[in-house]
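Keep the structure in view while reading.

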Amino acid sequence: MLELEKMDLHIDSLMELIKKYQSEISSGRVLPEASRSEMERIIFEEMPTAGKAPEAVIGEFAEKIIPNSTKVGSARFLSWIITSPSQAGILGEMANIGLSQAPFLFKAGPAATVIEDMAIGWISSLFDFPKESGGILVSGGSVSTLTALGAAREAMFPGITENGMHSIEKPPVLYTSKKAHASIDKAVGALGFGKKMLRKIAVDAEYRIDANELEESILKDIQEGLRPFCIIAQAGTSVAGAVDDIQKLSEIAKKYSLWLHVDGAYGGGAIITAKGRELLRGIQEADSISVDPHKWLFIPPEAGCVLLRNKKHLYNAYRMGQDEYNPDTPVEFVNYGIQSTRMSRAIKIWFAFKIYGINTLSATIEKNMELAKAFYEGLEGVKGLYRLNNPMTSAVCFSFEGGQEENESFLRYIEDKFFVSPAVLGGKHCIRACFSNYRTKVEHVEELLELVRKFKGIY
Ligand SMILES: Cc1ncc(COP(=O)(O)O)c(C=O)c1O
């Protein structure tokens, strides 16, 4: 009854639309012009009781949905940290949806389970993790950190998953920098530690955690009878793209027997470049890492990855049954994370890594970093603005001297050409251009710089 006649033709006509969308992605506005209420007028309707012809629905998709979508893949999308989904990744996702596997159990997605196991192994090896390491693909950085901290909690307080937070004597404390992403607060809250038990440590001039203040804070908490438990290092803060001194943090973690988690949701992908390896020095010492293939590895969303130095900690926190961990038992992903039914996020990674090879992805990330540098340098000497960070990764923050009002006026001035977002850094309103799209070229950087100069000229 749910079978569609002419399914092959519908696939073809949908693919025609996707081909056109892809080929025109960098032309025209990045953000749709319609306001939210206009869009609601266009899209809202009563719940369909009787169905209509697939041709008609595909027609509506072309007319109402495509033009009201953000062109994340555009060369002119320089916002947040959503990278352009690579074309090989898109092919992989289309293939994935066609197969619709559910690799929570091997039998619900045999090849998908094996591919995920292999992809996790590939990513672990990028971070020089040992052979006991492992992990799972999740929706993104937020769930990755939540999953890792749940595993850390069980590893550091064995039995807590069973017995609850009240079973531990001293309240656990976590530490991260003031520049950490809000998903860390959410994870700490959801796991029952209490957001107040997450210490937000000050940063230096480069927005990296102040290691001295961190150590002082740990000592103070020990003196007060609390139980310092975990440091969450930043490998690419959301706004400035700053990377903490992970080596130093790993030394502190070892000194006080703390778990070290690295939030590399954004910057972790840079591990495949020489500069990234240098920036992320020490990451191989972490107990767990979040890295988002849907950020700086150009995989279409959703694709997050959580890696554990020893995957038994994931198992101990998330296993379904009572069986003790056995490193020789092949992985069933239902035992390594929160989800039961889950999509395959590995097939698109498999497509992208195989079609491009790591070298091409590495060259793309290097190019992104060069463009960020070029934009930063191009802003030098432009009167009436100042730069807030020298980019370590791919984000450049600057502000006009008129502050928020002038910044917003500039964003409106460029909105039909570029999508760049406002942000706040060091308490100051700023404009943040993030160069993490593979389609963005030097000429786009020059065009944006030209717009900055013109804006100042006509202002
Ligand atoms: C540093 C950092 N961590 C975590 C996240 C959350 O990742 P996600 O949006 O994939 O859940 C983000 C998102 O931008 C981020 O920049």
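## A β-α-β unit

In this predicted model, β3, α8 and β4 form a β-α-β unit that is right-handed. The two strands of the unit, β3 and β4, run parallel and are joined by four bridges.

## The seven-stranded sheet

Strands β3 and β4 belong to an open sheet of seven strands, ordered β2-β8-β7-β6-β5-β3-β4, with mixed pairing. At the edges are β2 (134–138) and β4 (198–201), each of which pairs on one side only. From one strand to the next, the twist averages 20°.

Strands of a sheet pair through backbone hydrogen bonds, and the pairing is either parallel or antiparallel. Another parallel pair in this sheet is β6 (residues 259–264) with β7 (residues 288–291), joined by four bridges. Within this region, Asp 263 is opposite Ser 290 in β7.

## The five-stranded sheet

A further open sheet has five strands in the order β1-β11-β12-β10-β9, and its pairing is also mixed. Its edge strands are β1 (77–78) and β9 (385–387), and each pairs on one side only. Strands β9 and β10 (residues 395–400) are antiparallel, with three bridges between them. Arg 387 faces its opposite residue, Phe 398, in β10.

Which strands does helix α14 touch? Helix α14 (residues 403–414) packs on the sheet and touches β10, β11 (419–425) and β12, with its direction at about 30° to that of β12. Helix α13 (residues 346–379) lies across β9, β10 and β12 (428–434), and runs at about 20° to β10.

## Domains

The protein chain is divided into three parts: domain 1 (7–30 + 32–69), domain 2 (93–351) and domain 3 (357–458). Between the C-alpha centres of domain 1 and domain 3 the distance is 31 Å.

Conventions:
Residues numbered from 1 in each chain as written. Predicted model: local features only at pLDDT ≥ 70, side-chain atom pairs only at ≥ 80, totals over all residues. Pairing = 2+ DSSP bridges. Axes fitted to C-alpha atoms, helices over the stretch in contact; angles between N-to-C directions. Right-handed = clockwise from strand over helix to strand, strands pointing away. Domains from an automatic or database assignment. Contact = placed C-beta atoms within 7 Å.
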